Each structure stands twice: as C-alpha cells, then as structure tokens.
Amino acid sequence: MANRLADAAQLLKETIVIDGLGGAVVHPTPHVAKGTYEEIMIGQGWTAFNACLVSEPSYTPTWDETMKAIYENLAYLDISPRLRLCERVEDIHEAHRQGQLGIFFGLQSANCIEQDRTRVVILHKLGLRVLQLTYMERNFLGDGCLEPENRGLTHFGIQVVRECNRIGIVVDCSHVGVRTTLDAVRHSDQPIVVSHTAARALVDNPRCVTDEQIKAIADKGGLVGITPYAPFIRSDRRAKLDDYLDHFDHVVKLVGAEHVALATDMFEGKTRINWVTSHYYPEATRGAAYDSRRVDGFERKAQVVDVVAGFLSRGYDDDTIKKIIGGNWMRVLQAVWR
C-alpha cells in the first residue's frame, strides 16, 4: 500500500490535475492555519479547478451578485502570486510549469443572465469559461433535474448554447434535467460536460446521470465528472472510497475512460451555517448531514492521492489515470475555449 501511495503521489506531481468543480477561493474563503489555500492545494497535487463564482446565499445568483463575485475573485488574483486565472488552455500549462494553482470561472446556474443573451458575451469577457444551464429548478433556459415535468431546453436555452459554442464557454449540464441535457447535446456543436455527478445506474438519485445521458455526452466528445457526494454514490449506507471508484468503472465500461473525470464539489470554506443545500433539496441530499455528506475516504481534497492509489489498485494504467485526473478536461477545454 505504501508503494502504491508513493506511485500515486508521483503521478499527481507529474500530471496536470483538474478538479471539474472545485468550490471557491473566496466567498466562502477556506480557512487555513498556515500559508494560503492555493499553496495547500498545489502541495496536494492539484493544478487547476473550475471555481464556482457564487454559492452564497444560493447557487442561482442575480446579475449584481455575479458581478460582485467576479470582482472579489479578480481582486484576490491581484494579490496572490500563486494563483493564475485560466482563460486559455495555455494558461493551465503555464500554471503547472510555474507551480501555480489555476482557476477558471464557472457558474452553477445561468439565472443571472435572465432573458438577456448579450450577458453571455459580457461574462466571457470577464473570464467565465464554464456555464451550467440550470440549477435544480426551472429557469428561462430549461428544466433542472428536480422539475417533475422534465420539459427540456427552451428556445432561449438553445440560443444560449449556440452562443457559448460561438465564443468559447463550456456548457455544463450538472443539476440539469434529463431532457434538457439531451437537448443541449443535440443543439451543441461542441463537447459538453456534466462537471459533477455520478451514475444513476448505480444510485437512483435525480442528481445522477442516466446511461442515456452519459452515452449522448460521450458521443459529442464530452465528459462526466464523478463527485464524492455520498448520497450520489451509495443509497443504503454511507459511501466509501471503493463505492466511489465503482462509478468510474461504470462509466469506463459504458463509454470509455476518455469521458470521465474528477470533481470534488468541495467548498472547503462552507460551514454548518452556510451549508443549506439539505434544507431546500432533500430529494437530492437524502438526509445527508454536514459531517457525512462526503464519501468516507474522500472527504477532503488532500485525499486525492488515495483516489489515485485506488485507481492503481484496480488495475488502471498510468495513461488512463492521467486522462481521468486531468487529460480529459484538457481535451474538452482545448476543443471549446477560444
């Protein structure tokens, strides 16, 4: 086991490692005892992550809340030499070369654009590179995964998908309804992602993606990120690391290792007070408590080395692991970003 952990640590050191949904560096700001949060993440092996711009008071921010969040992140970038904003794929390569942590801006809902498609261009100019179409609910673009009607993408939503393709924003269908996701794949000219999810074939949770969704996303060249959120990984008891790895195995067997990736969905600045997801979305959280909402064995980002060791123990070769922990994201970003 010690040798496997050493091999895993070496893989993390030499590979670009991307967290498909990595929380935030500000608002909420993670507490660290010494140094900075980005220095700690670099030490753990992370290269870059999709930084959710707004998670408080909700993941469905207004335009003003989004603008404030962008300002806060840009201001923090100005004073943090170990942090790099990534707007091109080359920025991620440069972060890896320079020993920096790269962040690329993402939103978990398109609510802030309201009915104004011109705001998509403005957000891109301000650094946005990943846009999730809906959260759990319905908005002007389409239905979220908890809407019982499952009505799919609106024509306004189709326009937004096309605009994201045109200017270089990755379309994210996490939290998005099944039909909305399939509509987005059909209307997109570029690969799309479900940045943080799990396989519904293993756990029947509305936040998990069906095999139909996985196959459609893979056929378009996209990827699904598997998150260690315990209610998505196991339904009869608290999930363990092996249960988490089972979801990777499922996707790999279904569509190949080129279409699955890591996603922690860990906001390490969240506290019991500002973690309110369970109050509003019990259909997805399934009674998970603050202290048990993560997979036992992958509760902190520092444990990514144990995840990689788990892949090694299951016979995944180095090249396959490198795709899963970063290479697949780099391929998608290279195809979409302008």
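The accessible surface of the protein chain is about 13,300 Å², and carbon and sulfur atoms hold 49% of that area; accessible areas are computed by the Shrake-Rupley method with a 1.4 Å probe, and for residues only the protein chains shown count as cover. This is a predicted model, in which local features need pLDDT of at least 70 and side-chain atom pairs count only at pLDDT 80 or more, while totals for chains, interfaces and linings use all residues. Residues are numbered from 1 along each chain as its sequence is written, and side-chain values use heavy atoms, with hydrogens and water left out.

Along the principal axes, the C-alpha atoms of the protein chain fill a box of roughly 55 × 45 × 40 Å. Of its 338 residues, 61% count as buried, a term that means under 20% relative accessible area (1.4 Å probe, protein chains only).

The protein chain contains 14 helices and nine strands, where helices (H or I, at least four residues) and strands (E, at least two) are DSSP runs numbered from the N terminus. Strand S5 (residues 128–132) is largely enclosed by the rest of the structure, because five of its five residues are buried. Strand S4 (residues 101–107) runs parallel to S5 and is joined to it by three bridges, and strand S6 (residues 170–172) also pairs with S5 in the parallel sense over three bridges; two strands pair if DSSP finds at least two bridges between them. Val130 of S5 is the bridge partner of Gly106, and Val130 also stands opposite Val170 in S6.

Notes:
Buried < 20%, exposed > 50% of the residue type's maximum accessible area, 1.4 Å probe, protein only.
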